[in-house]
Amino acid sequence: MKADIRVALVGNPNTGKSTLFNALTGLNQKIGNFPGVTVDKKLGYSQLPDGRSAEIVDLPGTYSLYPKSRDESIVFSVLAEKNGDLTPDLVVVILDATNLKRNLLLYTQVADLKIPVIIALNMIDLAKKGGVIIDIDQLAKKLGVPVIPISARKLEGIANLKAAISFANKFALQESSIDVKAIAPELIDAICGEIDTENPYFALQLAHQHETLKFLTPAQSDRIEELEKEHSFHSQKAQATETIARYNYINDVLYDTVKTPVTAQDESHSNKIDKILTHRVFGFVIFMGILLFMFQSIFAWSAYPMSLIEELFVLIQGGLRDILPAGPLTDLLIDGVVAGLSGVLVFIPQIAILFAFISILEDTGYMARVTFMMDKIMRKVGLNGKSVVPLIGGFACAVPSIMSTRTIENWKDRMITIMVTPLVACSARLPVYTLLIALVVPSRNIWWIFNLQGLALTGMYVLSLISAVIVAWVMKFILKSRERGYFIMELPVYRMPRWNNVLFSMYERAKTFVLEAGKVIIAVSIILWVLSSYGPGDRFKNIEQKYNAPQYARSMKPDSLARVISTEKLENSYAGVLGHAIEPAIRPLGFDWKIGIALITSFAAREVFVGTMATIYSVDGDADRIDSVQQKMRNAKNPDGSPVFTLAVAFSLMMFYAFAMQCASTVAVVYRETKDWRWPAAQFAYMTALAYGAAFLVYHLLK
Amino acid sequence: MTLSQLEIGEIGIVKEFTDLEMSVKLMEMGCLPGEEVRVSRIAPLGDPIAIHVSGYQLSLRKFEASTIILQ
């Protein structure tokens, strides 16, 4: 879709920017990534009253054009690039009417870049309610730009804003705010001459940010660096001077346009809630309660839709098998592609539910309080107050949790959180644990109330959290920080969640996951299907010929004959060959080649372990019948007659599954969130090493 | 006296900063020399703190608050 005019939305965080974006574009939006950083690039289209269409670009929320994080650096680079893919014709700066002073700082910076600009004065209803009186005409006159009062939440003023966008000038008519040139006169002149620009503020920003701007050639950037040295430019001192000058200007503008009561009503209302929610006792109790509720809901509410999706795919697979002619292509489609698709879509309920909660917590302003309360503990281990939610969400599933780390602004904290989240015992480990624990731990009570099996399972969960904390602490020393860690953060006033935004966020996250991580998961699923359904040479043909012999058909029922064949095929498939190949490596952990096959096939997802065990030990019916898998495994004997699954082997296996990155979806989502294959590779390597070490240790201790 | 030494409810006026890099960020957030700040709450574990400044609530770590010198 080609639009007539491109509009960038710019504003502070918590000003209702995304609500305005949704109000302007409706469902007509698409999400991509800004190059190089993992900030969602949201583009949408809006129909203007004069019949033209506008492309709306939602830029990350920021307090200033000087970025505090790499994500914020997007804003200036998009605004400043000449003739780029996203270069706006017009900027809509959204300001929070209840807090104009701080919001105007960003406006004055944008205005001085001399791009045509319109102000959307949001939350005008709340400002009125709080007793803030704004002389809008006077404000517009002083700044020299259209000021449109809106309430994005109540969808008030949106039509006026659209009209203002369609009437907007092609030229910037706003008043200059401060005397930019006075900050570094010679340097600004020199850069203007070098880069071919007449805008002094653009030149000054280049002096500050040239190192990170991709649209400058290396030669230009080096030249600016030289000029800075020549004119002994001090970036931070210049920023301080500029900010003070801007606030002087803002105070001047606000002096006769805005009257604020001594205490805003909204703030005191918020204050009362804060007294309870950040209370030293109730604060933690309530937070734990909310986490517990989230965790329970992800488990409980997703169970039904998940099994629905799975059943639907079983039906589709059955249907396809009836329609399509039997053959390798049909098998590839059904057991590779459709099975992979089912493995992708089955995550949607968990992702949607987790993001519904996260979006509510963020929207209401509670997330900022969580960070506020948890920061001290989490900082000790190299994490951030906001890491709590992904870590706890990891108990359900690492995939949505890793996607949710986007709320962590600090790069290092975010990477550490991504790296340790898969250690937390997710729900896919549960079937593996329950199967193995039931196999070797007696169901007996100690100290009257504690069931041994329950204790073992609890132990595995506690271990996962402890290991995540320890690894995070180690990584704190390994990772080099790219930016200084700040905790200068706004605590926004409490507001009701906007249910539309909640729905949007559920829809967006699910869609992004399916489209981006889905590709990798389906690819891995197809590879694993090939590995387990084909074997080297004539092995498969020989097996079929062998069982075609009449004595088998006579002595065995068709069902059990089919099972025996599929077991023998799996043993002779590439996966089986690989299982044999890795046996020397896993022998020290107490695993034989059959377990080796399960380790390989369960790379797609941990719970596949149970299914593979069922096939290897050929069990009636499907893998859900854990009882029968358990029986077969209990009876499994080594060639020397000793049982395969001893206490040592079972615990060694559990350790392996506790630490190893046996999940293709997580690998895919870590890649999608870091945009660099080295992160999932490093994660896979350290987790596998940890798994091997722990399994080795446990096997030899218990043997 | 620095901002980190104030108790809950106490008010101070920002005079200057000891850390230039931090001061740039604090000033952008409205924490400017001459501005009145009030400590509105302290996190349950004693750090970070929340202050009321230029019409809104800002949270910052004790260490960061200690770079703000009050009048």
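**Reading a predicted two-chain model**

Visitor: How much of chain A is buried?
Guide: First, a caution: this is a predicted model. Of the 703 residues of chain A, 44% count as buried.

Visitor: How many helices and strands does chain A have?
Guide: Chain A has 31 helices and 12 strands. Its C-alpha atoms fill a box of roughly 100 × 60 × 50 Å along the principal axes. Look also at contacts across the sequence. Among contacts in chain A with a separation of 6 or more, 73% join residues 24 or more positions apart.

Visitor: Which residues have the most contacts inside the largest nonpolar core?
Guide: They are A:Val93 and A:Ile118, in a core of 211 residues. Take A:Val93. Beyond its neighbours within four places in sequence, A:Val93 is in contact with several residues, including A:Val10, A:Leu106, A:Tyr107 and A:Ile119.

Visitor: Is A:Gln551 buried or exposed?
Guide: Count the C-beta atoms around the residue. A:Gln551 has 8, so it is exposed. A:Gln551 lies in helix α23 (residues 550-555) of chain A. From A:Leu27, A:Gln551 is 524 residues away in sequence and 65 Å away in space, C-alpha to C-alpha.

Visitor: Now the interface. How many residues does the contact take from chain A and from chain B?
Guide: Chain A gives 34 residues and chain B gives 28. On the chain A side, the elements supplying at least two residues each include α3 (100-112), α12 (282-323) and β12 (489-490). The largest share, 7 residues, comes from α10(A). By type, this side of chain A divides into 15 nonpolar, 9 polar and 10 charged residues.

Visitor: How do β12(A) and strand β4 of chain B run?
Guide: They run antiparallel, joined by 2 bridges. Strand β4 of chain B covers residues 56-60. One pair to find: A:Met489 has B:Ser59 as its bridge partner in β4(B).

Visitor: What does the UniProt annotation say about chain B?
Guide: An unreviewed UniProt entry annotates residues 1-71 of chain B as "domain: Ferrous iron transporter FeoA-like". That span is 18% helix and 38% strand. Its end C-alpha atoms lie 7 Å apart.

Visitor: What is the mean pLDDT of chain B?
Guide: The mean is 91, and 100% of the residues of chain B reach 70 or more. Among the elements of chain B, helix α1 (residues 20-28) has the lowest mean pLDDT, 90. Strand β5 (residues 68-70) of chain B has the highest, 94.

Visitor: What ipTM does the predictor give the complex?
Guide: The ipTM is 0.94, and the pTM is 0.80.

Note on methods:
Residues are numbered from 1 along each chain as its sequence is written. Chains are lettered from A and ligands numbered from 1 in the order in which they are written. This is a predicted model: local features need pLDDT of at least 70, side-chain atom pairs count only at pLDDT 80 or more; totals for chains, interfaces and linings use all residues. UniProt positions are given in the numbering used here, feature names are shortened, and annotations may be inferred rather than shown by experiment. Helices (H or I, at least four residues) and strands (E, at least two) are DSSP runs, numbered from the N terminus. A nonpolar core is a set of buried Ala, Val, Leu, Ile, Met, Phe, Trp, Tyr and Cys residues joined through C-beta atoms within 7 Å. A residue is buried if 20 or more other C-beta atoms lie within 10 Å of its own, exposed if 12 or fewer, and partly exposed in between; C-beta atoms are placed from the backbone. Two residues are in contact if their C-beta atoms, placed from the backbone, lie within 7 Å. pLDDT is the predictor's confidence in each residue, from 0 to 100. Ala, Val, Leu, Ile, Met, Phe, Trp, Tyr, Cys and Pro count as nonpolar, Asp, Glu, Lys and Arg as charged, and the others, Gly among them, as polar. Two strands pair if DSSP finds at least two bridges between them.
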